[in-house]
Amino acid sequence: MTAPGLYAAVVGQERAVAHLMAAARAPVHAYLLVGPPGTGVREAARSFAAALVCAEGGCTQCEVCGRVMAGVHPDVRFFERTGAFLRVEEIRPILEMASRSPVEAPRKVLVLVDFHLVAEQYPRLLKAIEEPPPTTVFLVLAEHVPPELSTIASRCVRIDFPPVPEEVVREALVAEGVNAAVAADVAAASAGRMDRARLLASDPGFVQRREAWRAVPGRLDGTGATAFVLAEELLAGPETMLAPLAARHAAELAALVERARLYGERAGERKELEARHKREERRLRTDELRFGLSALAGAYRDRLSSDRHPGASLAALEAVAAAHEALVRNPNVPLLLQALLVRLGRLG
Ligand SMILES: [Zn+2]
């Protein structure tokens, strides 16, 4: 019997969870879980893995479930990259573990994280994922499926994790004890990602930062000097946000140290954790900028409704949207923002 609490950490993904619960009864060799960060993909993979190795199908109460949830069960492994991509030496242990028999459970579960970034090592993994031994189950996690992964996608059962609806994020935050007004604000700015929503909810500077972005149109005076000062101010904002993230990272590291004390530490585990923390910090800065640009666009949209000559506000909205799109190309962020503000200042 699957306990209802098994997927408690996966918020607002009823369809995906129902799919996984059905799959656990007669699992196939590979699943592809697709969704942006914060939509519950990682949590769902861990719960599903527990369902696959626990004799009771993921009871959450037994010692096997406990070890899967703590990340120390020998038949459940998360494989994470330490660099920008999975490297050859990180592939080898995956292939080795895939070919071996389970240590104690009826099967073993290999979770491949960030598979959308695996491109170079793809052919070697494809073969392993296509034809694993009958006791091996692959859980392939990806934020999206680029064209080069379409072959592997066709070999897996695909389960999608769409962004969590704003209302569900809000309710989940309130259930976690967040003040209702803060929860509503944060849910609107979270873009359907629970991880970001939780981080914003624990960040007292959130409202202030949003207001700073919304105040930009009123502060621009058409000079480059003002644009420059504003850009500096806005980019300094996220620094206050790094504190809650750093606190979470410290807690994760402490948990790892405690696990290591009880069960011993797997080689490379600490390095993987630190690499993930660095990625999360980079992502946070980009997320913040996206959030700021959205707040800025909101300010121009508000102007639009009271504008007698909407041309300037429309042009401003277009400029902000272009800057937003440019973010995917990893630009020099200060330059991008300065150029945007100079342009907006000239629009008046
Ligand atoms: Zn159990």
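**Walking through a predicted model**

The protein's secondary structure consists of 16 helices and five strands. Its radius of gyration is 23 Å, close to the 20 Å that the globule rule gives for 348 residues, so the protein is as compact as a globular protein of that length. The C-alpha trace spans about 70 × 40 × 35 Å along the principal axes.

This is a predicted model, so confidence is reported by pLDDT. The average for the protein is 89, and 98% of the residues score at least 70. Among the elements, H2 has the highest mean pLDDT, 97, while helix H5 (residues 122–130) has the lowest, 83.

Of the 348 residues, 36% count as buried. Among contacts with a separation of 6 or more, 72% are between residues 24 or more positions apart.

In soluble globular proteins, nonpolar side chains tend to be buried together. Here the largest nonpolar core has 66 residues, and the members that touch the most others are Leu 33, Ala 49, Leu 139, Val 140 and Leu 141. Helix H2 (residues 41–53) supplies the largest share of this core, nine residues. At least three core residues come from each of domain 1 (4–160) and domain 2 (165–195). A second, separate core holds 21 residues, including Leu 230, Leu 293, Ala 323 and Leu 344.

Leu 141 shows what surrounds one member of the largest core. Leaving out residues up to four places away in sequence, Leu 141 touches Leu 33, Val 41, Arg 42, Ala 45, Val 111, Leu 112, Val 113, Asp 114 and Phe 115.

One of these contacts, Asp 114, also has a backbone feature to note. Its phi is near 60°, a positive value in a residue other than glycine. Asp 114 is in the loop between strand S3 (108–112) and H5. With 19 other C-beta atoms within 10 Å, Asp 114 is partly exposed, because a residue needs 20 or more to be buried.

Thr 60 is another residue other than glycine with a positive phi, near 70°. Thr 60 lies in the loop between H2 and helix H3 (63–70). It has 20 other C-beta atoms within 10 Å and is therefore buried.

Gly 264 follows H13, and the phi of Gly 264 is positive, near 90°.

Terms used: Residues are numbered from 1 along each chain as its sequence is written. This is a predicted model: local features need pLDDT of at least 70, side-chain atom pairs count only at pLDDT 80 or more; totals for chains, interfaces and linings use all residues. Helices (H or I, at least four residues) and strands (E, at least two) are DSSP runs, numbered from the N terminus. The radius of gyration is taken over C-alpha atoms; the globule rule is 2.2 Å times the number of residues to the power 0.38. A residue is buried if 20 or more other C-beta atoms lie within 10 Å of its own, exposed if 12 or fewer, and partly exposed in between; C-beta atoms are placed from the backbone. Two residues are in contact if their C-beta atoms, placed from the backbone, lie within 7 Å. A nonpolar core is a set of buried Ala, Val, Leu, Ile, Met, Phe, Trp, Tyr and Cys residues joined through C-beta atoms within 7 Å. Domain bounds come from an automatic or database domain assignment. pLDDT is the predictor's confidence in each residue, from 0 to 100.
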